[in-house]
Amino acid sequence: MASNRMDRRTFLQVTAAGAAATAVVTQTGCLKYFEKGDGSAPPPLEVATACELCPNKCSVLAVVEGGVIRKLNPNPENPKSRGMLCARGNAAVKQVYDPDRLKQPLIRAGERGEGKWRAVSWDEAFDYAAKKLSEIKQKYGPEGTLWSSTEGFQEIFFKNLGSAFGSPNIVRHPTLCLASVNLAYSATFGTVPSFDLLNAEYVIMSGANRFEAIITPDTMDLIGSAMQRKAKLIYLDPRFTVTAAKADQWFPIRPGTDMAFILAMLNVIVGEGRYDKEFVATYTTGFDKLAEHVAQYTPDWAEKETGIPARDIVHIAREFADAAPRAVYYAGRRSSWYRNDFQMRRAQAILNAVVGNWDREGGMVPNAKIAMGEYLFLPWDDPKAGRVDELDKNFPLAAKGDGVYLKLRENVLAGKPYPVKGWMVYKQDPVNAMPDQAATLRMLKGMDFVGVIDIAMSDTAWFADVVFPESTYLERTDPIEAMPGIWPAVVFRQQVVKPIHDTKPNLEIVQGLAKRLELSDYFDYTMDQWVEAQAKDLPVKEPFEYLKKHGVLGIAEPKYGGTLTPDHRFVTKSGKIELFSERLGESGYDPLPVYKPPTDPRPGEFRMVLGRKGTFTHANQTNNPWLHEFYPENSLWLNPKPAANMGIKTGDMLEVSSMAGSVKIKALVTEEIRPDCVFMLHGYGKLAKWQSLVYGVGASDAVILETAWDEVSGNAAFHETFVKVRKV
Amino acid sequence: MAEKTKKRYALVIDSRKCINCKACVVACKAENGVPVGKFRNWITEERRGTYPHLLATFDPEQCQHCQNPSCVRVCPTGASWQREDGIVLVKFDDCIGCRYCMIACPYNARYFREDEGVVDKCTFCVQRVDKGKIPACVETCPSKVRLFGDLDDPDGALAQMLMTRRYLTKKSETGNGPQLYYLL
């Protein structure tokens with residue numbers, strides 16, 4: 001194996017020599033060449049790198065032949081990815097050789113969204129964008145620009161450019177994803193833990209569809225535990241997902257009532273004295289108030305709210321407490337569902353706390369992290385203006401650096417508290433990621449300037465003025481990333497092949513802009529310098545060389561109980577695990593989770609719910625030919641009962657409408673959803689013609705989702721939309 | 001045993017662990033250059049029941065590398081052939097694209113490659129196996145549904161598994177002797 005690997009310098013020389021050939025050889029051509037077994041082919045090269053198709057960052061061994069990526073294999077050295085590579089990870093090869101991808105910088109030649117582009121040089125693209133950004137800065141101040149991005153190893157450079165430019169308006173993905181769960185666990189434990197599904201014996205999941213929305217190592221650990229009958233899995237979801245199919249018990253809970261289920265479990269566990277008394281006394285605060293509070297939430301009451309029989313709730317609560325500490329109420333990841341999301345996650349956290357699963361094998365474990373170095377760059381002044389989403393006023397507890405997406409859009413559209421006229425976007429597609437697509441398009445069209453950095457023509461890029469093509473992850477080297485967890489690791493993404501088109505890594509795009517914005521001093525470093533500074537302190541000999549060879553450095557043996565000493569101070573106001581949170585009370589929120597019943601859809605209406613497939617995480621993945629072929633078009637899931645009432649059969653064309661908008665989509669009549677809910681897959685009905693497989697195919701959920709958010713975290717509430725369905 | 005080097009490759013499949021994520025299908029596509037729209041392996045879904053009493057099962061399937069492969073028997077040119085280790089292959093240079101083998105295969109495991117005019121199928125990733133690696137579908141699987149190994153090695157993990165677990169084979173009544181063992 002080792003002899004197949006080369007160091008990066010030699011590798012770059014080899015690939016540079018093969019670069020001309022790369023541009024013309026198609027991938028299939030190369031594969032055929034290989035299959036015929038021509039002995040003259042050079043031996044394949046194996047490069048260790050890290051996947052970018054979703055946030056899991058699995059370790060990959062890329063096999064390169066003649067300068068072309070032949071196959072991506074899982075790298076078993078990563079303790080988090082557990083020697084696997086999912087469908088998305090395998091399909092990343094197609095991302096590189098996708099004829100649809102962005103191949104050179106583009107400047108808009110027609111109206112916004114018309115799809116007329118002029119291919120330009122990098123210089124022209126940088127000059128044009130810098131001129132526009134400077135004009136906006138002069139007219140509206142630096143706060144007149146918005147810098148939005150989603151997580152990625154090179155996101156930091158983009159955020160830093162926005163900050164160095166002087167804008168307070170950096171907005172990141174969490175409020176379209178997991179902000180509420182992060183905030184709720186932080187408010188309780190002072191940190192966001194991981195769940196030890198490998199060793200758990202009892203797992204409850206509220207809508208966390210772990211067998212389709214793959215998270216490492218949780219998905220693999222859960223299937224191992226659950227299918228080897230080590231763990232019992234209780235699953236609540238309005239849909240019969242793969243996770244439901246594998247669960248020991250599935251309850252199609254009434255949407256938005258998960259908190260009632262959890263509070264009733266607490267009622268049983270506290271009322272029957274089944275909690276971990278010693279743990280509660282030593283490590284928590286506010287138990288008496290909790291006990292008093294949950295007395296009202298009886299299983300009989302919860303049955304009426306959730307539709308789950310009271311005897312099942314009692315039984316589950318008892319089993320859960322008996323299995324503790326090897327029992328977890330799993331937090332989930334995309335926790336953007338309902339307006340009460342933060343408080344629902346708080347209730348989960350409290351339930352976990354009282355059974356004493358904290359920092360125990362098979363329970364909830366605070367994340368370990370491998371320490372690494374940092375590149376020290378020149379700091380800039382803090383922005384003078386406040387954030388446009390007025391975070392301090394609207395969401396005092398929300399993560400300052402991430403912003404709140406929907407509030408931000410509302411304020412920008414209203415021009416409050418000041419005008420925002422420039423929008424830079426990195427690696428994100430707000431047109432599909434945010435609910436109410438019409439509002440996002442209005443926001444785009446109201447901008448004086450929109451610049452997008454991406455690898456493919458997203459719907460957002462389609463409405464931009466300048467599009468900067470970023471090299472795909474297999475064509476670039478990224479910063480080292482620390483992956484906190486029960487099995488912590490650091491992963492390194494290194495260049496596998498040279499860029500096959502006229503693209504650049506994000507750092508170089510940022511530097512190109514910085515130079516013209518006279519901000520070069522803040523970005524005066526190379527990727528190698530950055531990475532070497534990070535690698536310096538890693539606990540291994542010759543760390544940079546090690547990472548180049550292995551791509552990952554992981555710790556295989558988890559540690560439990562590090563925080564279980566009576567003098568341990570949790571990062572909360574009281575220094576204890578806060579069952580009752582004074583801080584929440586001071587900020588005007590319920591210090592204990594108070595249940596408020598959800599509204600039900602009116603007759604003839606359905607609640608729209610969202611979810612993922614193992615093949616798709618992000619909206620751009622539907623345009624990958626190796627993933628698209630499994631689900632070429634999305635359709636609207638509808639239970640046979642309402643479908644029969646409306647005379648709808650599978651394949652019928654439907655009009656689905658909400659207050660936000662309406663779409664046309666085919667029906668899929670299925671038993672696998674509650675009669676009062678509908679569901680569609682994300683990432684279809686694209687506006688950009690350069691998403692050729694899904695342009696105008698199916699429908700985009702973003703069109704019909706209405707704007708709603710969780711009041712504490714500002715996290716978008718994606719399950720608060722009621723739709724009308726009509727056969728057309 | 002005199003013939004210690006003799007091997008008989010087979011797969012044991014634990015369908016209960018399959019989450020229908022398609023990783024094996026895409027890995028195969030990448031490893032073997034399978035065109036879009038064609039598949040060497042696939043996952044059969046079975047869904048039953050009425051809301052809320054539902055059941056769904058997923059079965060990964062591919063060529064069974066049978067003991068008595070009917071595809072090999074019907075091939076008029078000898079293009080379909082079987083190695084000593086049981087792997088059934090198609091010699092593209094000898095395949096005339098008559099597709100008799102596709103009709104003869106009880107598992108519908110073969111597909112026609114229009115671009116080459118030949119029939120293609122799962123090879124157990126011979127190019128990997130001959131280098132001591134495991135097939136791409138086996139390696140990439142998140143939940144490790146498949147176990148690849150040598151049936152003739154009594155101490156091997158695969159033979160051990162079959163000794164201690166109950167299993168079934170698909171369409172064994174055809175007499176083909178399929179070599180994919182599905183655990184019960």
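Biologist: Where is Asp150(B) found?

Modeller: Asp150(B) sits in strand β8 of chain B, residues 146–150. Helices (H or I, at least four residues) and strands (E, at least two) are DSSP runs, numbered from the N terminus. This is a predicted model, in which local features need pLDDT of at least 70, side-chain atom pairs count only at pLDDT 80 or more, and totals for chains, interfaces and linings use all residues. Residues are numbered from 1 along each chain as its sequence is written, while chains are lettered from A and ligands numbered from 1 in the order in which they are written.

Biologist: What does Asp150(B) touch, not counting residues up to four places away in sequence?

Modeller: Contact means that the C-beta atoms of two residues, placed from the backbone, lie within 7 Å. By that rule Asp150(B) meets Lys7(B), Arg8(B), Tyr9(B), Gly156(B) and Leu158(B). Lys6(B) lies 144 residues from Asp150(B) in sequence, yet their C-alpha atoms are 9.2 Å apart in space.

Biologist: Does burial have a rule too, and is Asp150(B) buried or partly exposed?

Modeller: A residue is buried if 20 or more other C-beta atoms lie within 10 Å of its own, exposed if 12 or fewer, and partly exposed in between. Asp150(B) has 18 C-beta neighbours inside 10 Å, so it counts as partly exposed. In helix α14 of chain A, 14 of the 14 residues are buried, so the helix is largely enclosed by the rest of the structure.

Biologist: How do I read two packed helices?

Modeller: They are described by the angle between their axes and the distance between the axes. Axes here are lines fitted to C-alpha atoms, for helices over the stretch in contact, with angles from 0 to 180 degrees between N-to-C directions. The axes of α6(A), residues 179–189, and α14(A) come within 8 Å and cross at roughly 45°. That makes α6(A) oblique to α14(A); angles under 35 degrees count as roughly parallel, over 145 as roughly antiparallel, 65 to 115 as roughly perpendicular and the rest as oblique. Among the residues that meet are Leu183(A) and Ala187(A) in α6(A), and Phe342(A) and Ile350(A) in α14(A).

Biologist: How many residues of chain B are in contact with chain A?

Modeller: There are 26 in chain B, touching 34 residues of chain A. On the chain B side, α1(B) gives the largest share, six residues. By class, that side has 13 nonpolar, seven polar and six charged residues. Here Ala, Val, Leu, Ile, Met, Phe, Trp, Tyr, Cys and Pro count as nonpolar, Asp, Glu, Lys and Arg as charged, and the others, Gly among them, as polar.
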